[in-house]
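Here's a quick tour for anyone meeting this structure for the first time. Have a look, then read on.

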Amino acid sequence: MPTQTGAQAQSLCQSCGVVVPSELMLCESCERLLPLPDRVSYFEFMELPLKLDIDLAALEKTFYRLSRLFHPDFYQNRPNSEQRAALERSATLNKAYTTLKDPTRRAEYLMKLRGFEQSTEKNRVPQDLMVEILELQEQLEEFQSSEGGERERLAQALRAGVCELKERRAELGKRLEDLFPIHDRAGEDRRAEILLEMRETIDRSNYLFRIVENIEKTLESGR
Amino acid sequence: MAYSDKIIDHYNHPRNVGSLDKNDPNVGTGIVGAPECGDVMKLQVRVNPETGVIEDAKFKTFGCGSAIASSSLATEMLKGMSVDEAVQIKNMRIVEELSLPPIKIHCSVLAEDAIKSAIADYKKKQTDAEQASVGEPAVATA
């Protein structure tokens, strides 16, 4: 039952007046579906503790169960307000599921919840990686303006480069997930430091993703 | 949403693409990036140390058309400007000149960051050089 994440203020069913679990807002007594309060996080909604190292099987199970529970088809004969609530709930459910399923999006979502906002401070920019990306971009331009055997040689070098970049990106993904249990165990004092490391890991991964995408697109189109 | 002619012109004919010698003491280099979109921007200025005026500016940008146009325009604005004027440049000036759409305003922020970072690099090189020249006699007598 959705009670792992601490006590919320109690909500009462507007229809029959009994106490409703505030994460679901589905009255167990009269089965009325009530509007969802804004303060419910995706973690609470999916009946998960506020942790990054989550049980993916449990997440999926909850998703299927709630999908049936909130399916708009079951609310067709209900008042408009409930039909709307069902539609809203299904949309929230889909967003919550896709956000929490993906490790990067889950981490970014938790950062937002914790008020650890993305800033564009320059100290967040990994200089070594920036220089490397600019060099790769130059290689790509060289390829675009080359011909014949030289072009083939450059294409091969770029393909090898892409393989290596993808490996590094996979390693960053692994590092991010390794940080999850460390984050979950850490006290308040160390949490910011770990979130920052996660932020940097995700940033690096995003840069690599973009340059890989760009190289592959150019090699494919041949232009 | 149509892009302004000026953005398209800077994108198709970017001004001042290239590099300056980053080891030149009169050259300041700024490399900045936007992790949200993966854009990377390098902007360099060469300053006349006598006058403090920016004599040349070059850029290389890996990113979207608006990022390229923003940095291209930035290098045009910088030439002939004093270092002190350059750090005053605000991203909104680039937004206005290019008529950047709201979702591309972050590209102009990146250009502003690149200018500030390049000037900071130049200033750091200058103070490092001063300290080195002050320190030299002491090293010689030691």
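Predicted model: local features only at pLDDT ≥ 70, side-chain atom pairs only at ≥ 80, totals over all residues.

Let's start where the chains touch. Chain B brings 16 residues to the contact and chain A brings 18 residues. Together they bury about 1,600 Å², with carbon and sulfur atoms giving 63% of that area. On the chain B side, I31(B), P35(B) and F62(B) supply 43% of the area that chain B buries against chain A, more than any other three residues.

Two salt bridges are counted between chain B and chain A, and K60(B) forms a salt bridge with E138(A), with the closest N and O atoms 2.9 Å apart. Six residue pairs, both at pLDDT 80 or more, are in polar contact between the two chains. Of the elements of chain B, β1, β2, β3 and α5 each give two or more residues to the side that touches chain A. The most come from β1(B), with four residues. By type, the chain B side splits into seven nonpolar, four polar and five charged residues.

Now for the rings. Over all chains, five aromatic pairs turn up. One of them, F63(A) with Y97(A), is stacked, at 3.9 Å centre to centre and 10 degrees between the planes. F63(A) sits in helix α2 and Y97(A) in helix α3 of chain A, so the pair ties together parts 34 residues apart in sequence. Here's how buried the two partners are:

| Residue | Relative accessible area | State |
|---|---|---|
| F63(A) | 12% | buried |
| Y97(A) | 11% | buried |

Elsewhere, ring pairs link Y42(A), F43(A) and Y109(A) into a cluster.

Methods. Residues numbered from 1 in each chain as written. Chains lettered and ligands numbered in written order. Heavy atoms only, no water. Contact = heavy atoms within 4.5 Å. Buried area = accessible area lost by both parts, 1.4 Å probe. Salt bridge = Lys/Arg side-chain N within 4 Å of Asp/Glu carboxyl O. Polar contact = N/O pair within 3.5 Å; in protein donor to acceptor, adjacent residues only side chain to side chain. Nonpolar A, V, L, I, M, F, W, Y, C, P; charged D, E, K, R; others polar. Phe/Tyr/Trp six-rings, centres within 6.5 Å; stacked < 30°, edge-to-face > 60°. Buried < 20%, exposed > 50% of the residue type's maximum accessible area, 1.4 Å probe, protein only.
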